[in-house]
Amino acid sequence: YNQYGHLGDDTTSNRLTPVVVQQVGGGGSLSGVTQVAGSAENSFALLSDNTVAGWGRNFNWQLGQFAPDPSLTPVMIPLSP
């Protein structure tokens, strides 16, 4: 199920097999991933440089983007110092 783009493949198409997650900004694949986490509506990746990328539903600003629109590809999540 991919209604909010939480598979990170720049679509909202449902998939029965794994897909490549796009890199931040689209084009190419997300690299440097050390850990992943997901929920029913969004997904997150901890990257090797200790930054976090997220994609999918952003209704409650889970992605740190101040717009309620979903993100079909990863965006960098701003972290508090």
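Is aspartate 9 buried or exposed? At 11% relative accessibility, aspartate 9 counts as buried, where buried means under 20% relative accessible area, exposed means over 50% and partly exposed lies in between (1.4 Å probe, protein chains only). Welcome to this predicted model, in which local features need pLDDT of at least 70, side-chain atom pairs count only at pLDDT 80 or more, and totals for chains, interfaces and linings use all residues. Residues are numbered from 1 along each chain as its sequence is written, and side-chain values use heavy atoms, leaving out hydrogens and water.

**The overall picture**

- The protein has 0 helices and 4 strands; helices (H or I, at least four residues) and strands (E, at least two) are DSSP runs, numbered from the N terminus.
- Along the principal axes, the C-alpha atoms fill a box of roughly 40 × 25 × 20 Å.
- Of the 81 residues, 31% count as buried.
- The protein exposes about 5,000 Å², and carbon and sulfur atoms supply 56% of that area, as computed by the Shrake-Rupley method with a 1.4 Å probe, where for residues only the protein chains shown count as cover.

- β1 and β2 pair in the antiparallel sense over 5 bridges; two strands pair if DSSP finds at least two bridges between them.
- A hairpin of 3 residues links β1 to β2, and glutamine 35 stands opposite leucine 46 in β2.

**Around aspartate 9**

- You will find aspartate 9 in the segment before β1 (33-38).
- Its side chain makes a polar contact of 2.8 Å with the side chain of threonine 11; a polar contact is a pair of N or O atoms within 3.5 Å, and within protein one must be able to donate a hydrogen and the other to accept it, while residues adjacent in sequence count only if both atoms are side-chain atoms.
- The side chain of arginine 15 also makes a polar contact with the side chain of aspartate 9, at 2.9 Å.
- Not counting residues up to four places away in sequence, aspartate 9 touches Asn2, Arg15, Val19, Val20, Gln22 and Leu72, with contact meaning heavy atoms within 4.5 Å.

- Asparagine 2 lies in the segment before β1 and counts as buried at 0% relative accessibility.
- The side chain of asparagine 2 reaches the backbone nitrogen of leucine 7 at 2.9 Å.
- Asparagine 2 and asparagine 42 are 40 residues apart along the chain, with their C-alpha atoms separated by 9.3 Å.
- Histidine 6 also has its place in the segment before β1, and its 9% relative accessibility makes it count as buried.
- Beyond residues up to four places away in sequence, histidine 6 touches several residues, including Tyr1, Asn42 and Trp55.
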